[in-house]
Amino acid sequence: QTGPTGTTISVELPILTLSHKPADATATENTPPASLTPASASGNGGQHDKEGAHAREKPFEGVKVLLVDDEPDIREIMEGFLKASGCNVRQAASSDEAIRIVETNGPIDVLFVDIRMPGMNGMELYHCLAAIRPDIASRIVFVTGDTLSSDVHEFLEYSGCMSVIKPFNMKDLTAAVRCTIGQPPAVRPS
C-alpha cells in the first residue's frame, strides 16, 4: 500500500527445511554441516529426487539481473529471491548508477526498476535506456506500489514492459524473469 508515509511491503518467504549433509571424512571445519533449501523446491515436501532437482531449484542459473531501487531493503529481499532461483544479481541504488552499470558491464538479461525513485525515476530511466540501449530497455520489469496513478498506468501501457506490483512474492519475480527471457513456464510433474 502506498500512503502519506511511504510504501508498505509484505514479504512471503518459502518454507525452509533443514537437510543434513552426510558425514564425510574429507569434510573440513569450513564445510557447512547442513544447508537450508526451500521445501517446495523439489515438489515432494523437501525430499530431493536426484533427477531434475537442480533444474527445479535453480531454473535461472546464469541469468544476469540488475535491481534498480533506492530502498536497500527491497533490493536485498529481491536479490535473495532471485539468487535462490540461480540468477546472477547486481544492485543499483539509483538510475544514474544503473546507467553506469549498463554502460560498463556485459549483457543484462532482466532489469527490475522501481518506478518511484528520487532523482531520475524509473520512467525517466526507461526513456534514457531506450535512447542508448533499446535492447536493454525492452528487458525492464517495473516494480511499483503505485497502482492508482493514471500516469503510471499510461506509462506502463506505452512502454509495453512488464510490471510487478508491491507487495510481491517469489512467484511474481520468477514469473517476470521467465517471461522476460522467453523461457516457457516450468512443467510440474503430476
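Visitor: What is the handedness of the crossing of H4 and H6?
Guide: In this predicted model, H4 and H6 cross in a left-handed sense.

Visitor: At what angle do H4 and H6 pack, and how far apart are their axes?
Guide: The angle is about 20°, and the axes of H4 and H6 (residues 150-159) are 11 Å apart. H4 is therefore roughly parallel to H6, since angles under 35 degrees count as roughly parallel.

Visitor: Which residues meet there?
Guide: From H4, the residues are Met123, Tyr126 and His127; from H6, they are Asp151, Phe155, Tyr158 and Ser159. Sorted by class, this contact of H4 with H6 holds 4 nonpolar, 2 polar and 1 charged residues.

Visitor: How do H3 and H4 cross?
Guide: H3 (residues 95-104) and H4 (residues 122-132) have axes that come within 11 Å and cross at roughly 20°. H3 and H4 are therefore roughly parallel to each other. The crossing of H3 with H4 is right-handed.

Visitor: And what makes the contact of H3 with H4?
Guide: H3 contributes Ser95, Ala98, Ile99, Val102 and Glu103, while H4 contributes Leu125, Cys128, Leu129 and Ile132. The classes in the contact of H3 with H4 are 7 nonpolar, 1 polar and 1 charged residues.

Visitor: One further pair: at what angle do the axes of H2 and H7 cross?
Guide: The axes of H2 (residues 72-84) and H7 cross at roughly 65° and come within 10 Å. H2 passes H7 in a right-handed crossing.

Visitor: How do the residues of the contact of H2 with H7 divide by class?
Guide: The residues concerned are Met78, Phe81, Leu82 and Ala84 of H2, with Met170, Leu173 and Val177 of H7. They divide into 7 nonpolar, no polar and no charged.

Visitor: Let us turn to single residues. Where is Gln91 found, and is Gln91 buried or exposed?
Guide: Gln91 is in strand E6 (residues 88-92). Gln91 has a relative accessible area of 19% and is therefore buried, as buried means under 20%.

Visitor: Which side chains have a polar contact with that of Gln91?
Guide: The side chain of Arg75 makes a polar contact of 2.8 Å with that of Gln91. The side chain of Glu79 makes one of 2.6 Å with Gln91. Leaving aside neighbours within four places in sequence, the residues in contact with Gln91 are Leu66, Leu67, Arg75, Glu76, Glu79, Glu97 and Ile101.

Visitor: What about Arg90: where is its place?
Guide: Arg90 is in strand E6. With a relative accessible area of 39%, Arg90 is partly exposed. A polar contact of 2.9 Å links the side chains of Arg90 and Asn105.

Visitor: Which residues does Arg90 touch, apart from those up to four places away in sequence?
Guide: Arg90 touches Val65, Leu66, Leu67, Ile101 and Asn105. As for Val68, its C-alpha atom is separated from that of Arg90 by 8.8 Å, and the two residues are 22 residues apart along the chain.

Visitor: Now the loops. Where is Ile108, and is Ile108 buried or exposed?
Guide: Ile108 is in the loop between H3 and strand E7 (110-114). Ile108 is buried, with a relative accessible area of 8%.

Visitor: What does Ile108 touch, not counting residues up to four places away in sequence?
Guide: Lys64, Leu66, Ile101, Val102, Ile136 and Arg139. Ile108 and Ile136 are 28 residues apart in sequence, with 7.1 Å between their C-alpha atoms.

Visitor: And Pro118: buried or exposed?
Guide: Pro118 lies in the loop between E7 and H4. Pro118 is exposed, with a relative accessible area of 59%. The C-alpha atoms of Pro118 and Ser94 are separated by 8.0 Å, and these residues are 24 residues apart along the chain.

Visitor: Is the peptide bond from Lys166 to Pro167 cis or trans?
Guide: The bond from Lys166 to Pro167 is cis, with omega near 0°. In general, most peptide bonds are trans. Pro167 is in the loop between strand E9 (162-165) and helix H7 (170-181).

Visitor: Lastly, the chain as a whole: how many helices and strands?
Guide: The chain has 7 helices and 9 strands. Of its 190 residues, 37% are buried. Among contacts between residues at least 6 apart in sequence, 59% join residues at least 24 apart.

Key:
Residues numbered from 1 in each chain as written. Predicted model: local features only at pLDDT ≥ 70, side-chain atom pairs only at ≥ 80, totals over all residues. Heavy atoms only, no water. Axes fitted to C-alpha atoms, helices over the stretch in contact; angles between N-to-C directions. Helix = DSSP H or I, 4+ residues; strand = E, 2+ residues; numbered from the N terminus. Parallel < 35°, antiparallel > 145°, perpendicular 65-115°, else oblique. Left-handed = near helix turned anticlockwise from the far one by under 90°. Contact = heavy atoms within 4.5 Å. Nonpolar A, V, L, I, M, F, W, Y, C, P; charged D, E, K, R; others polar. Buried < 20%, exposed > 50% of the residue type's maximum accessible area, 1.4 Å probe, protein only. Polar contact = N/O pair within 3.5 Å; in protein donor to acceptor, adjacent residues only side chain to side chain.
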